[in-house]
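Reader: Could you walk me through this one? I'd like to start with a single residue and its surroundings, and then move on to where the chains meet.

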Amino acid sequence: MDNSKGKKRQREIEIETEQGSDTAQPFSLEENLMFTDTLVALRIMRAQFPHMDKVSIQPFILQSQLYSSVKDRTQVDRELESLRRQKVLRIFKLNTGQDDHAIMFLDDYLNQIECVVKRMEEKEQGDLQVFEWFRTHVVYSKLEPSIEHQELCSLLSVGGEVKDRQISLLINAGLLTRQLIDSNMYWFAIPNIGSILKGISQGRKELLSLLNRRKYKEMMLALLEKKHLRLSLLDMRFHIRDLIGSGHLKTIQTPTGLVIQVSKD
Amino acid sequence: MWKEIEAREAGKMRTNSFTNRIKSHRVSTLHLSNHKDIVSPHRASINSLQVDLTEGRYLLSAAADASAAVFDVQRATDYEGNGNIIAKHKSIFAIDKQHEQGHKYAISSAIWYPIDTGLFITGSYDHYIKVWDTNTTQVVMNFKMPGKVYRVAMSSLSTSHMLIAAGTEDVQVRLCDIASGAFAHTLSGHRDGIMSVEWSTSSEWVLMTGGCDGAIRFWDIRRAGCFRVLDQSQTQLGRRPPVLERSVTNKVLMSKSLSASHNLSVKPRALQKKSANGNSMKQTPVGRIPAKGSAKQRLHPGMLSCHDRATAHYGAVTGLKVTEDGMYLLSAGSDSRIRLWDVESGCNTLVNFETVRLQTTKAIQLATTQDSALVFVPCMTTVKAFDVWTGRTSLSFRSHYECVNCCWFSSQDQDLYTGGNDRQILVWSPSRLVSDELGDRFVQDTDNWSD
C-alpha cells in the first residue's frame with residue numbers, strides 16, 4: 001500500500017520539482033519511503049537534499065539511503081553499476097564508516113569542481129591547468145572510486161606535463177585523498193565535504209541515542225521526522241533513510257502508522 | 001508429499017527433481033532440534049566444525065581451549081526425556097591440553113582427512129599443525145609454521161597429492177605434504193596474513209585464499225604465483241549467459257595504463273558479453289621488463305601478480321566457500337559484506353546479501369546447501385540463511401547466547417550444526433512428523449493416574 005501511495009506522490013513531486021520548489025517539507029517521509037526504481041529514487045532524493053547555508057555543496061545520496069528506498073538490494077546494486085558505466089553518476093567511497101558510499105550525478109560533481117576552482121582562482125593559488133586536465137581526462141575515463149598514482153599521472157599527462165605539486169593541488173582542493181592502506185592509491189572525493197561527513201557521523205550517533213534513550217527504543221515516524229538534530233547540518237529525513245538502509249533501524253507497520261525501532265542485531 | 005511420490009513412480013517427475021524438492025522443503029523447515037542434542041565437552045568457544053565427507057557420520061569440532069572432539073551424529077549415546085525422544089550425543093573421544101602431544105593454545109581449525117576418517121588434521125595458534133590418527137588418538141605428524149595457523153584445508157578431489165594448505169598470520173601460504181612429512185612449497189603474493197583457505201571443488205590443483213589485506217587469490221599449485229586476483233570493481237550483472245549466446249571474439253581490454261601493463265586484466269565492456277580467458281592473458285612474455293617507478297627488477301612472469309593490488313573486500317576476508325558445482329565462490333569480509341563471485345570469469349556478480357554486521361576479528365565458516373540455493377552465514381549471534389541469487393534472508397536461526405563462529409550443513413539428513421563463543425554446538429533439524437518420533441523406539445506407556 002505504501003508503494004501505490006508512493007507512486008502517486010512521486011508524480012506530484014515531479015511536477016512540483018519541475019516548477020522549481022525543491023525544499024518542500026510537507027511531504028511526509030511515511031508516504032515517500034519506498035520507490036519502485038533506483039533512478040527515480042535517486043532523482044527524488046536529490047530533490048529532497050536539505051538546503052544548507054553554511055556549506056555550499058551539490059546534492060549527493062548515500063548508498064544506504066537507496067537500500068532503504070528500493071525493496072530489492074541486488075537490483076539497486078546492479079542498476080547503480082549500469083548507471084555508473086553509462087556515466088550518469090559517480091560513486092565515491094566515504095571514510096565515515098565501513099562501507100559508506102556517496103552517489104552524485106555527474107553534472108553535480110562537475111559543478112562542484114567548478115565552485116572549488118573558482119574559489120582557488122580568487123585566492124590565486126597558482127597554476128590551475130591541472131583541474132582542467134582532471135576534468136576532461138580523468139573524470140570521464142576512470143569510472144571507479146579509486147585510482148592508482150601511475151594511472152593518474154598518465155591520464156593527466158594527456159593534457160600536459162604533470163608535476164608533483166600539481167597533484168598536491170588536487171589533493172588540497174579535496175578532489176583526491178590518499179588511501180590509508182596503500183600510499184600509491186587515491187580515492188576520488190567530493191570537495192568541501194569535510195564538515196558534512198562529520199555531520200553525518202555525529203547525526204547518526206545522535207539519532208540512535210535519541211531512540212535508545214526511550215523506554216521501548218522506538219518512536220512514531222511522523223513524530224520523529226519533525227525533530228531537529230543539533231549536531232548535523234543535514235536534516236532528519238536524510239539520517240532516517242540512511243540508518244534504515246544500513247540496518248540500524250527498522251520500520252514496523254502499526255495501525256496508527258509507521259514506527260521506527262532500533263534493531264537488536 | 002504422496003502426490004509427489006506417485007508422480008515419481010509414474011515417471012512424471014525425475015528422480016533428481018523429486019529429491020531436490022523434498023530436500024529444499026525440509027531445509028525450509030529447519031529449526032532448533034527438539035530430538036537431537038550434542039553434549040559439548042569444550043570449555044571455550046568453538047572455532048570449527050566439520051562432518052566427515054565420506055560417511056556423513058562423525059562431527060569434528062575444535063575449540064579455543066586447545067580441545068578437539070569427535071561425535072557420532074547418527075547414533076546417540078543415550079536417550080533422555082519423556083518417552084526417550086531426545087537423543088544425546090556425547091563425544092566419542094576428546095583431545096585437550098592434557099594430552100601429551102596436544103596443542104597448547106587454541107585450535108583454530110580441524111578437518112577430517114578427505115579420503116576416510118582414519119586421520120584428522122588440526123591447526124592451532126601455537127604454530128603447529130598436527131595430523132592425528134583417529135583410532136589411537138596419537139599424533140602422526142607435526143608441522144611447524146612461522147605464525148599462528150588460521151585455517152587448514154585439504155582437497156576432497158585430489159587423487160595425486162596429499163597436501164594440506166595452511167593459512168597463517170605469515171604472508172605466505174604453505175603447503176604441507178602428509179606423504180613425505182615435509183613442506184611442498186609456499187605461495188607468495190598476499191600482503192598480510194591469510195584467514196581463509198579453500199580448495200576448488202572442480203580442480204584438484206586450484207587453491208583459493210583470502211587474506212587480511214582484503215584480496216582473494218586463486219593459485220594453481222603447479223605454477224608459481226597466483227593466476228587470478230578477484231577485484232570487486234570487476235562486475236558482471238548476474239549469471240553469465242551460456243556460451244552460444246556470447247560473442248565469439250574475446251574482448252580483452254587493457255584496463256590499467258602503460259606502466260602497469262604487466263597486469264593485464266579482462267574487463268567486460270558490454271553488459272552481456274563476458275570473456276574469461278584470464279589464464280593466458282595474465283602473464284607477459286618473459287623478456288618484458290615492467291617499468292614501475294624506479295624499481296626495474298626482472299620478475300618471473302608468475303610473480304607479476306604480487307603487484308596486483310586489487311581487493312575483493314574493503315577489510316579482511318574472513319570466510320570463503322566454494323559451491324559444490326565449483327562455479328561460484330562466496331566470500332565474507334570484515335566490511336560486513338558477502339560477495340558472490342563467478343569463478344570462471346572472476347567477476348563480482350553484485351548480489352547484495354542483507355547483512356548488517358559480521359564478525360571482524362575471527363574467521364567465520366560459511367555453509368551452503370548441496371544445490372547451492374541457500375548459504376548459511378554466522379552473523380554475530382544468529383545464523384542467517386540467504387538465498388544465493390537474490391540475497392534475501394530466507395531463514396534466521398537465533399539461539400546462541402554469544403557470537404557464532406562456525407556452521408556446517410550436512411546434506412545427507414539436512415541438519416545444520418552451529419558452534420559459537422558460548423561453547424555450545426547446536427543442531428538445527430527439519431521438522432519431523434509426529435509418527436516418526438515414536439517410530440522404532442520402545443515407548444513406555446505410563447499413565448498418570450494416581451491409583
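Reader: Which residues does B:Gln412 touch, not counting those up to four places away in sequence?

Author: In this predicted model, where local features need pLDDT of at least 70, side-chain atom pairs count only at pLDDT 80 or more, and totals for chains, interfaces and linings use all residues, B:Gln412 touches B:Glu55, B:Gly56 and B:Gln74, contact meaning heavy atoms within 4.5 Å. Residues are numbered from 1 along each chain as its sequence is written, chains are lettered from A and ligands numbered from 1 in the order in which they are written, and side-chain values use heavy atoms, with hydrogens and water left out.

Reader: And what does the side chain of B:Gln412 reach at 3.2 Å?

Author: That is the backbone oxygen of B:Glu55, while at 3.3 Å the side chain of B:Gln412 also makes a polar contact with the side chain of B:Gln74. A polar contact is a pair of N or O atoms within 3.5 Å; within protein, one must be able to donate a hydrogen and the other to accept it, and residues adjacent in sequence count only if both atoms are side-chain atoms.

Reader: Where is the place of B:Gln412 in chain B?

Author: B:Gln412 sits in the loop between strand S29 (404-410) and strand S30 (415-420) of chain B, strands being DSSP runs of E with at least two residues, and helices runs of H or I with at least four, numbered from the N terminus. Its C-alpha atom is 9.4 Å from that of B:Arg57, although the two residues are 355 residues apart along the chain.

Reader: Why does B:Gln412 count as partly exposed?

Author: Because its relative accessibility is 48%, and the class lies between buried, under 20% relative accessible area, and exposed, over 50% (1.4 Å probe, protein chains only).

Reader: Switching to the interface, how many residues of chain A are in contact with chain B?

Author: There are 26 from chain A, in contact with 33 residues of chain B.

Reader: How many salt bridges are counted between chain A and chain B?

Author: The count is two, a salt bridge being a side-chain nitrogen of Lys or Arg within 4 Å of a carboxyl oxygen of Asp or Glu. B:Arg337 and A:Asp77 meet in a salt bridge through their side chains, at 3.9 Å from N to O.

Reader: Which helices of chain A each supply at least two residues of the side that touches chain B?

Author: Those are helix H3 (63-69), helix H4 (73-85) and helix H7 (149-156), and H4(A) gives the most, with eight residues.
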